[in-house]
Amino acid sequence: MAALRHIAGMPELPEVETTVRGLAHVLDGRRIERVEARRPDLRRALPVDLGQRLTGSRVIGLHRRAKYGLIDTDRGDTMIFHLGMSGRWRIDPTDIGAHDHVLIETEDGRRLSLNDPRRFGSIDLVPTDALDSAEPFASMGPEPLGPDFDGAYLARALAGRSAPIKALLLDQRIVAGLGNIYVCEALHMAKIAPGRPAGRIARGRLEQLARSVKEVLLAAIAAGGSTLRDYARPDGELGYFSKDWRVYGREGEKCHCGAVIRRRVDSGRSTFFCPKCQR
Ligand SMILES: [Zn+2]
């Protein structure tokens with residue numbers, strides 16, 4: 001627990017995965033008794049029939065795709081949530097405040113609140129069988145933790161591309177749900193310079209890169225999972241955590257190779273890297 005701390009910043013894939021697992025403890029298999037939308041919109045309008053379609057339905061599965069959480073009901077609907085910049089689900093909150101925008105109550109008296117001060121999050125409802133063809137999923141690349149994401153896939157997807165590898169790993173059409181932190185971390189672990197033209201990285205190094213992407217994500221999910229026991233507590237919050245990053249946020253500190261970690265900013269986004277061991 002000491003290694004975990006709340007951070008300011010966007011929830012990334014591991015936070016969403018941990019959130020989905022935490023919500024599953026409360027929602028999976030339960031009937032939804034009441035839904036209250038306390039405002040008409042977040043980043044965009046909430047579905048006008050949200051309460052009507054969810055109330056009385058039973059939750060039959062929870063999943064994650066990219067940075068979206070998916071909640072399937074026995075009526076053939078899937079509720080899709082995105083946490084935006086500042087969203088989090090609160091479990092059994094004792095107080096409801098101005099930033100608690102959507103409340104869900106289950107048949108066994110549990111209560112969930114989607115709390116989102118900056119309101120960049122979203123909630124949508126789509127038929128479960130149309131999910132894969134719905135935006136944003138239709139144009140997304142494979143899940144980084146899935147079996148389709150490996151060195152062979154990267155070699156195909158990056159062939160002939162002269163853009164920097166870092167930019168292409170952030171492109172959701174190439175791989176779904178990778179954010180800035182995990183791309184910096186994976187490139188460091190794979191010893192690949194962020195600015196290297198993607199199409200000119202040897203196959204063996206792409207194999208290593210795919211393994212590194214999975215490793216940094218799984219380590220973060222494991223760290224977040226250790227907070228799961230808190231979810232049963234009143235006022236438990238599903239949200240943000242971080243761990244001790246290899247390079248992210250460590251500008252001026254020493255890399256394990258002895259060189260000093262650098263930060264570069266392009267289009268408002270920071271890249272942290274080691275100029276010595278990343279080539
Ligand atoms: Zn280094």
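## The zinc site and helix 3

In this predicted model, the four donor atoms around the zinc ion subtend angles of 102 to 123°, which makes the arrangement tetrahedral. For comparison, the ideal angle for four tetrahedral donors at a metal is 109.5 degrees. The protein donors are the SG atoms of Cys255, Cys257, Cys274 and Cys277, lying 2.3 Å from the zinc ion, and along the chain these donors follow the spacing C-x1-C-x16-C-x2-C. Because Cys255 lies in the loop between strand 9 (236-238) and strand 10 (262-266), while Cys277 lies in the segment after strand 11 (269-273), this pair ties together parts that are 22 residues apart in sequence.

| Zinc donor | Relative accessible area |
|---|---|
| Cys255 (SG) | 6%, buried |
| Cys277 (SG) | 13%, buried |

The other part described here is helix 3, which spans residues 151-158 and has Gly151, Tyr153, Leu154 and Leu158 as its buried residues. Seen down the axis of helix 3, these buried residues fall within an arc of 155°, and they therefore line one face of the helix. At the start of helix 3, a side-chain oxygen of Asp150 reaches to within 3.3 Å of the backbone nitrogen of Ala152, whereas just after the helix Gly160 takes a positive phi of about 80°.

Terms used: Residues are numbered from 1 along each chain as its sequence is written. This is a predicted model: local features need pLDDT of at least 70, side-chain atom pairs count only at pLDDT 80 or more; totals for chains, interfaces and linings use all residues. Side-chain values use heavy atoms; hydrogens and water are left out. Buried means under 20% relative accessible area, exposed over 50%, partly exposed in between (1.4 Å probe, protein chains only). Helices (H or I, at least four residues) and strands (E, at least two) are DSSP runs, numbered from the N terminus. The arc is that of the directions from the helix axis to the C-beta atoms. A polar contact is a pair of N or O atoms within 3.5 Å; within protein, one must be able to donate a hydrogen and the other to accept it, and residues adjacent in sequence count only if both atoms are side-chain atoms. Donors are N, O and S atoms within 2.8 Å of the metal (3.2 Å for Na, K and Ca); water is not among the atoms, so sites may look incomplete. Four donors count as tetrahedral if all angles lie between 85 and 135 degrees; four count as square planar and six as octahedral if opposite donors are over 155 degrees apart and all others between 65 and 115; anything else is irregular.
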